[in-house]
Amino acid sequence: MDIMQVMKDRYSCRKFTDEQLTDDELHAILEAGRIAPSACNNQPWRFIVLQSVDELAKVDECSKCRYGAQTAILVCFDKDESAKNPDVTPDYGWIDCGLAIMQMALEAESIGIASCIVGAYQPAVAREVFNLPDNLVTYQFLMLGHAEAVPGPMHERRHSLDEIVIRGGF
Ligand SMILES: Cc1cc2nc3c(=O)[nH]c(=O)nc-3n(C[C@H](O)[C@H](O)[C@H](O)COP(=O)(O)O)c2cc1C
């Protein structure tokens with residue numbers, strides 16, 4: 001599948017059906033995150049997969065933005081891993097997780113699974129309900145499922161290249 005088309009087709013889905021992902025679909029999405037690039041190849045991400053009724057209820061305690069998704073992945077990073085080469089590189093845990101979550105969202109799109117990256121959640125609540133160890137920093141949720149919504153107005157709203165590209169410096 002053409003990567004540009006996948007990137008254009010992906011949108012933030014804000015209503016999902018009750019249909020669960022298959023194990024193969026979930027595996028493909030996690031695999032896309034696994035192979036993402038990271039600073040110094042530290043691979044600091046940890047993907048907490050949440051699918052049971054109890055687990056999804058805990059997601060709802062953290063965020064109002066599950067949108068009915070039957071699978072949520074809480075993307076975190078291990079700060080002991082992301083910050084382990086201070087002489088070579090700063091702690092890029094946030095950036096590494098951003099790349100991994102985007103790869104997962106794009107892989108999802110390419111296999112017909114809708115997604116929404118969600119930053120509107122309470123990190124302290126997530127830490128408590130999922131019993132996170134101190135070394136894990138929460139990044140974002142990735143909500144996944146079958147779409148029951150079409151793209152919102154923001155999906156078409158992007159700056160033109162003229163507005164964001166600067167040739168040759170200022
Ligand atoms: C880091 C990040 C955090 C986001 N957090 C939320 C969120 O909490 N709730 C939500 O509905 N959408 C969230 N979004 C989705 C954005 O609103 C959306 O990507 C943007 O409006 C463009 O729309 P599109 O993804 O449909 O193209 C988030 C996106 C990113 C990249």
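## Ile3, out in the open

Ile3 is exposed, at 52% relative accessible area (over 50% counts as exposed, under 20% as buried and in between as partly exposed, with a 1.4 Å probe and protein chains only). Its place is in helix α1, residues 3–9; helices here are DSSP runs of H or I with at least four residues, strands are E runs of at least two, and both are numbered from the N terminus. Between the C-alpha atoms of Ile3 and Glu107 there are 9.7 Å, with the two residues 104 apart along the chain.

## What you're looking at

This is a predicted model, where local features need pLDDT of at least 70 and side-chain atom pairs need 80 or more, while totals for chains, interfaces and linings use all residues. Numbering starts from 1 along each chain as its sequence is written, and side-chain values use heavy atoms, with hydrogens and water left out.

## Around the ligand

The ligand has 15 residues around it, and the closest are Ser12, Arg14, Tyr67, His155 and Arg158 (a residue is near if one of its heavy atoms lies within 4 Å). That shell splits into 8 nonpolar, 4 polar and 3 charged residues. Strand β3, residues 114–118, gives the most to it, with 3 residues.

## Polar contacts and cover

Now for the polar contacts, pairs of N or O atoms within 3.5 Å. An oxygen atom of the ligand is 2.4 Å from a side-chain N or O atom of Tyr67. For Arg14 the corresponding distance to a ligand oxygen is 2.6 Å, and for Arg10 it is 3.1 Å. The protein covers 69% of the 620 Å² of accessible area that the ligand has on its own, by the Shrake-Rupley method with a 1.4 Å probe.

Conventions: A polar contact is a pair of N or O atoms within 3.5 Å; within protein, one must be able to donate a hydrogen and the other to accept it, and residues adjacent in sequence count only if both atoms are side-chain atoms. Ala, Val, Leu, Ile, Met, Phe, Trp, Tyr, Cys and Pro count as nonpolar, Asp, Glu, Lys and Arg as charged, and the others, Gly among them, as polar.
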